[in-house]
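Biologist: Could you take me through this model? I would like to begin with the strands and then turn to the core.

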Amino acid sequence: MAGFAIEQILKEQTENYLIIDWLSITSNLSEPLFGKPFPPDFIIDILTGKVKVIIGINADALIDTFNSFGLKARWLTEKETIKRKQTTVREGFVVINNKGIVVTLPSGKEVLIFGGTFSKILYDSIKPSWVARSILSTDNDYIKLEDDNANEKYSNS
């Protein structure tokens, strides 16, 4: 019943969402359930199914967050998604409503969004803004360009 309510809330905001049963944390490479700051009785209730934690994530809002940090995130078209699935490692590539998400870094490199991105947000309590910062920090070509420009600026002073 709770999952239905969350789905209705998300449907009012966007058609592009994921709903996760948080118990799936037990099969992910995330921080273990026992490492979370919950009382032992609550953890037992989750594991036995007495308590069900359902989480929804608005993927459109995630794209907006990435864009606000200077990344160029967008939905791939269905055709682009099919092509990417044929030419890249497909396992873990997140597809919602037959569309994947791609992020273009400031250097021009493109990065596909895989399940690990959502996993960090949902299971490890990493804010989407920190995920965006992390993606930016992997853009070595852009960082090097920024460093080179800074060096050039200071050497001309």
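Modeller: Helices (H or I, at least four residues) and strands (E, at least two) are DSSP runs, numbered from the N terminus. This is a predicted model, in which local features need pLDDT of at least 70, side-chain atom pairs count only at pLDDT 80 or more, and totals for chains, interfaces and linings use all residues. Residues are numbered from 1 along each chain as its sequence is written, and side-chain values use heavy atoms, with hydrogens and water left out.

Biologist: How many residues lie between strand 4 and strand 5 in their hairpin?

Modeller: There are 2 residues between them, and Asn97 in the turn has a positive phi of about 55 degrees. Strand 4 (residues 95-96) pairs with strand 5 in the antiparallel sense over 2 bridges, with Val95 opposite Gly100.

Biologist: And which residue has a positive phi in the hairpin of strand 5 and strand 6?

Modeller: That is Gly108, with phi near 100 degrees; this hairpin has 5 residues between the strands. Strand 6 (residues 110-112) runs antiparallel to strand 5 and is joined to it by 3 bridges, and Leu112 of strand 6 stands opposite Val102.

Biologist: What about strand 3?

Modeller: Strand 3 is also antiparallel to strand 5, through 4 bridges. Trp75 stands opposite Ile101 there.

Biologist: How many residues of strand 5 are buried?

Modeller: 6 of its 6 residues are buried, where buried means under 20% relative accessible area, with a 1.4 Å probe and protein chains only. Lys99, Ile101 and Val103 point one way, while Gly100, Val102 and Thr104 point the other way.

Biologist: Now the core. Which residues have the most contacts inside the largest one?

Modeller: They are Phe66, Leu71, Ile101, Val103, Ile113, Phe118 and Ile135, in a nonpolar core of 23 residues. Such a core is a set of buried Ala, Val, Leu, Ile, Met, Phe, Trp, Tyr and Cys residues joined through side-chain atoms within 4.5 Å. Among the elements that give two or more residues to it are helix 3 (59-68), strand 5 (99-104) and helix 6 (128-137).

Biologist: What does Ile135 touch?

Modeller: Leaving aside neighbours within four places in sequence, Ile135 is in contact (heavy atoms within 4.5 Å) with Phe66, Leu71, Val103, Leu105 and Ile113.

Biologist: Which residues of helix 5 are buried?

Modeller: Thr117, Phe118, Ser119, Ile121, Leu122 and Tyr123 are buried. Their cover includes strand 1 (17-21), strand 2 (54-58), helix 3, strand 5 and helix 6.

Methods. Buried means under 20% relative accessible area, exposed over 50%, partly exposed in between (1.4 Å probe, protein chains only). Two strands pair if DSSP finds at least two bridges between them.
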